[in-house]
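Hi there,

Here is the structure I promised to send over. Have a look at it first, and then read on for what turned up.

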Amino acid sequence: MEGTPLMAKMTLLLIEQVLRDMAAWRSSELSIDVSINLSAENLSDRGFIDCITGPTRRCNSSPAARSRN
């Protein structure tokens, strides 16, 4: 994360915390959907997906897109 802009670092820290929380909720048999808003800067960063792949795997989670009607 060295050389990463501050906002991107904060976003990654937030994602990691949310993934840890979701893992804890799952072990307590709670099923809670969580959404995180990402900036255009995050989405345009080609390395962003690589940055969140590790934490996602460590927390045994998988990203999913959901649409609400």
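Let me begin with a pair of helices: H1 and H3 pack at an angle of about 25°, and their axes lie 10 Å apart. Angles under 35 degrees count as roughly parallel, so that is the term for how H1 and H3 run relative to each other. Their crossing is right-handed. On the H1 side, the contact is made by Thr 11, Leu 12, Ile 15, Glu 16 and Leu 19, while H3 contributes Phe 48, Cys 51, Ile 52, Pro 55 and Thr 56.

Before you read too much into any of this, please keep in mind that the model is predicted.

Now for the chain as a whole. The protein chain has 3 helices and 0 strands, which gives the pattern α-α-α when read along the sequence. Of its 69 residues, 20% are buried. The accessible surface comes to about 5700 Å², and carbon and sulfur atoms account for 52% of that. If you count the contacts with a separation of 6 or more, 61% of them join residues 24 or more positions apart.

Which residues make up the largest nonpolar core? There are 6 of them: Leu 12, Ile 15, Leu 19, Phe 48, Ile 52 and Cys 59. Helix H1 (6–27) and helix H3 (48–58) each supply at least two residues of this core, and the largest share, 3 residues, comes from H1. As a general point, nonpolar side chains in soluble globular proteins tend to be buried together.

Leaving aside its neighbours within four places in sequence, Leu 19 is in contact with Pro 55, Thr 56, Cys 59 and Ser 61.

The other residue I would show you is Asn 42, which is found in helix H2 (residues 40–44). Is Asn 42 buried or exposed? Buried means under 20% relative accessible area, and Asn 42 has a value of 5%, so it counts as buried. Beyond its neighbours within four places in sequence, Asn 42 is in contact with Ala 8, Thr 11 and Phe 48.

Happy browsing, and do write back with any questions.

Best wishes

Technical notes:
Residues numbered from 1 in each chain as written. Predicted model: local features only at pLDDT ≥ 70, side-chain atom pairs only at ≥ 80, totals over all residues. Heavy atoms only, no water. Helix = DSSP H or I, 4+ residues; strand = E, 2+ residues; numbered from the N terminus. Buried < 20%, exposed > 50% of the residue type's maximum accessible area, 1.4 Å probe, protein only. Contact = heavy atoms within 4.5 Å. Areas by Shrake-Rupley, 256 points an atom, 1.4 Å probe, with all protein chains shown as cover. Core = buried A, V, L, I, M, F, W, Y, C linked by side-chain atoms within 4.5 Å. Axes fitted to C-alpha atoms, helices over the stretch in contact; angles between N-to-C directions. Parallel < 35°, antiparallel > 145°, perpendicular 65-115°, else oblique. Left-handed = near helix turned anticlockwise from the far one by under 90°.
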